[in-house]
Protein chains: 2
Amino acid sequence: MKAKVYVTLKPSVLDPQGKAIHHSVELLGYEQIEDVRQGKYFEIALDANVSEIDARQTAEQIAKNVLANPVIEDYRVEIA
Amino acid sequence: MKAKVYVTLKPSVLDPQGKAIHHSVELLGYEQIEDVRQGKYFEIALDANVSEIDARQTAEQIAKNVLANPVIEDYRVEIA
């Protein structure tokens, strides 16, 4: 069982890395880009005998306690 | 229109950051975790009047040329 965790900065938090990427792609000639935001992506492989409910619960806990900083970041968990 | 780009290390490439996270979550008592891999996640906001086909093409080009290093990384583009 595999859990995918997406961690993104909260919309109200400035993202200088995204801004830098936005500026770079503008210089490269891509003019239809309005904004770029960078986040983090994690793939967590769990034991095959873990139920989907347990996998989601474990991944949510890990996302909240280890992978994301809830003060400035949002996270989303998908089970695949 | 929004494009989401996921950049992950190719499976054959070592991921020391993922290994460190795996080790940390084991120390925290999560024993059902087999592996953790870290990647990057980008949200690209495009002009509203860009067609889905153009948006995908632009996002694929940016992913290939700017966001990912195709020697060691894979990328995936989703249009939302």
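The exercises below concern a predicted model and come with worked solutions.

**Exercise 1. Work out the order of the strands in the sheet, and find its edge strands.**

Solution. Start with the order: 6 strands form an open sheet, arranged β3(A)-β1(A)-β2(A)-β2(B)-β1(B)-β3(B), with antiparallel pairing. Next, look for strands that pair on one side only: these are β3 (73-79) of chain A and β3 (73-79) of chain B.

**Exercise 2. Describe how β2 of chain A pairs with β2 of chain B.**

Solution. Both strands cover residues 33-46, and they pair in the antiparallel sense over 13 bridges. For one of the residues, follow the bridge across: Ile33(A) has Leu46(B) as its partner in β2(B).

**Exercise 3. Find which strands helix α1 of chain A lies across, and which strands helix α2 of chain A touches.**

Solution. Take α1 (residues 16-27) of chain A: this helix lies across β2 of chain A and β2 of chain B, at about 125 degrees to β2(A). Now α2 (residues 52-67) of chain A: it packs on the sheet, touching β1 (2-9), β2 and β3 of chain A as well as β2 of chain B. The direction of α2 makes about 160 degrees with that of β3(A).

**Exercise 4. Explore the surroundings of Asp15(A).**

Solution. First locate Asp15(A), in the loop between β1 and α1 of chain A. Then test for a salt bridge, which needs a distance within 4 Å. Asp15(A) is buried but has none, as the nearest side chain of opposite charge, Arg37(A), is 4.4 Å away. The Asp15(A) side chain does reach the backbone nitrogen of Gly18(A), at 3.0 Å. Leaving aside residues up to four places away in sequence, Asp15(A) touches Leu9(A), Val36(A), Arg37(A) and Gln38(A).

How values were computed: Residues numbered from 1 in each chain as written. Chains lettered and ligands numbered in written order. Predicted model: local features only at pLDDT ≥ 70, side-chain atom pairs only at ≥ 80, totals over all residues. Heavy atoms only, no water. Pairing = 2+ DSSP bridges. Helix = DSSP H or I, 4+ residues; strand = E, 2+ residues; numbered from the N terminus. Contact = heavy atoms within 4.5 Å. Axes fitted to C-alpha atoms, helices over the stretch in contact; angles between N-to-C directions. Buried < 20%, exposed > 50% of the residue type's maximum accessible area, 1.4 Å probe, protein only. Lys, Arg positive; Asp, Glu negative; His and termini not counted. Polar contact = N/O pair within 3.5 Å; in protein donor to acceptor, adjacent residues only side chain to side chain.
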